[in-house]
Amino acid sequence: MGRGSKKNFFRGQAAAFTLVEVMVTLTIMGFVLLMIFGVFRLGIAAWEKGETSKEEYQRIRIASQLISRQLKSAVPYKVKTQKAEGDFLAFEGKARSLKFVSALSLRAQKPSGLVYAFYEFRQGEKGGGRLLLYEGRVLNKDFLGENPPEEAVVPIFEGLEDVRFEYYQEEDPEKSRTGGWVEEWNAKEEKALPTALRVTLAFPKGGEKAQGVSTVILASLPSNRYEEVRTV
């Protein structure tokens with residue numbers, strides 16, 4: 001083998017070695033770009049999830065404020081009845097439902113006078129509960145015992161685990177009763193509305209919306225007693 005042949009041989013080896021380096025470099029760059037793209041996709045997904053959660057929390061906050069305003073606008077409306085028990089206040093508070101009369105409507109765009117509001121928690125067949133609202137006209141009759149039409153019921157919150165209504169009972173030394181929160185309120189016996197209401201919305205853990213978060217709506221009722229005005 002001559003000197004020229006040896007130069008060509010080593011030149012070919014150098015060229016072949018450079019080609020291998022290029023291939024390895026391109027492969028490494030491909031892996032790096034793939035990792036960067038994956039991190040970028042994760043960042044986009046986290047940002048979109050954060051925006052969705054932000055919008056959901058905003059919706060929950062606005063709806064909770066509206067419910068609080070309607071609760072605070074509750075009035076001690078007396079229902080006229082022909083029964084022997086006499087007239088009574090239109091307020092029925094239970095652990096999973098609430099019926100009352102309010103001066104504020106959540107559905108009417110313009111002031112429409114007193115409205116009858118009925119909140120009810122219903123557990124869904126697949127595990128997702130809903131907080132439903134019905135609003136109707138206040139008529140001079142016992143509307144507390146009537147079931148609202150299903151087509152008029154509107155869901156306020158969906159995908160709930162539970163909803164709990166509580167009513168603040170003031171201390172009464174004459175009845176040896178201490179103040180505190182109770183799960184039911186019988187306005188016929190109390191002859192007054194509770195001084196405050198508390199609504200706890202429990203969202204399921206591991207869900208897409210408000211994971212494991214409980215939202216508490218607290219509202220005081222300034223007009224909790226019926227005052228009859230008489231002219232002399």
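Which residues are linked with Glu 120 in a network of salt bridges? The network joins Glu 120, Arg 122 and Glu 150, a salt bridge being a side-chain nitrogen of Lys or Arg within 4 Å of a carboxyl oxygen of Asp or Glu. The model is predicted, so local features need pLDDT of at least 70 and side-chain atom pairs count only at pLDDT 80 or more, while totals for chains, interfaces and linings use all residues. Residues are numbered from 1 along each chain as its sequence is written, and side-chain values use heavy atoms, with hydrogens and water left out.

The protein chain contains two helices and 12 strands; helices (H or I, at least four residues) and strands (E, at least two) are DSSP runs, numbered from the N terminus. In sequence order the pattern is α-β-β-β-β-β-β-β-β-β-β-α-β-β. Of the 232 residues in the protein chain, 33% are buried; buried means under 20% relative accessible area, exposed over 50%, and partly exposed in between, with a 1.4 Å probe and protein chains only. The accessible surface of the protein chain is about 15,900 Å², and carbon and sulfur atoms account for 55% of this surface; the areas come from the Shrake-Rupley method with a 1.4 Å probe, and for residues only the protein chains shown count as cover. Among contacts with a separation of 6 or more, 60% are between residues 24 or more positions apart, where contact means heavy atoms within 4.5 Å.

Six strands form an open sheet in the order E7-E6-E5-E4-E3-E10, with antiparallel pairing. Strand E7 (154–160) and strand E10 (185–186) are at the edges with a single partner strand each, so one side of each has no neighbour in the sheet. Two strands are counted as paired if DSSP finds at least two bridges between them. Within the sheet, strand E4 (residues 97–102) is joined to strand E5 (residues 115–122) in the antiparallel sense by six bridges, and Ser 102 is opposite Val 115 in E5. Antiparallel pairing also links strand E11 (residues 196–202) with E12, over seven bridges; Val 199 has Ile 217 in E12 as its bridge partner. The side chains of strand E12 (residues 214–220) alternate along the strand.

Ser 64 is buried, at 9% relative accessible area, and its contacts beyond four places in sequence are Phe 157, Leu 201, Thr 215 and Ile 217. Gln 65 is partly exposed, at 44% relative accessibility. The C-alpha atoms of Gln 65 and Ala 219 are 9.8 Å apart, although 154 residues separate the two along the chain.

The largest nonpolar core has 30 residues, and those with the most contacts inside this core are Leu 71, Phe 91, Leu 98, Tyr 119, Leu 131, Phe 157 and Leu 201. Such a core is a set of buried Ala, Val, Leu, Ile, Met, Phe, Trp, Tyr and Cys residues joined through side-chain atoms within 4.5 Å. H1 gives the most to this core, with four residues. Beyond four places in sequence, Tyr 119 has contacts that include Ile 67, Leu 98, Leu 131 and Phe 165. A second, separate core has 13 residues, among them Leu 132, Val 138, Leu 144 and Ala 152.

Ser 105 is in the loop between E4 and E5 and is buried, at 14% relative accessibility. Its side chain makes a polar contact of 2.6 Å with the side chain of Glu 135, a polar contact being a pair of N or O atoms within 3.5 Å; within protein, one must be able to donate a hydrogen and the other to accept it, and residues adjacent in sequence count only if both atoms are side-chain atoms. The side chain of Ser 105 also reaches the backbone nitrogen of Arg 107, at 3.3 Å.

The structure has six salt bridges. Asp 162 is paired with Arg 96, with the closest N and O atoms 3.1 Å apart. This pair links distant parts of the chain, with Asp 162 in strand E8 and Arg 96 in the loop between strand E3 (91–93) and E4, 66 residues apart. Glu 120 and Arg 122 form a salt bridge at 3.2 Å, N to O.
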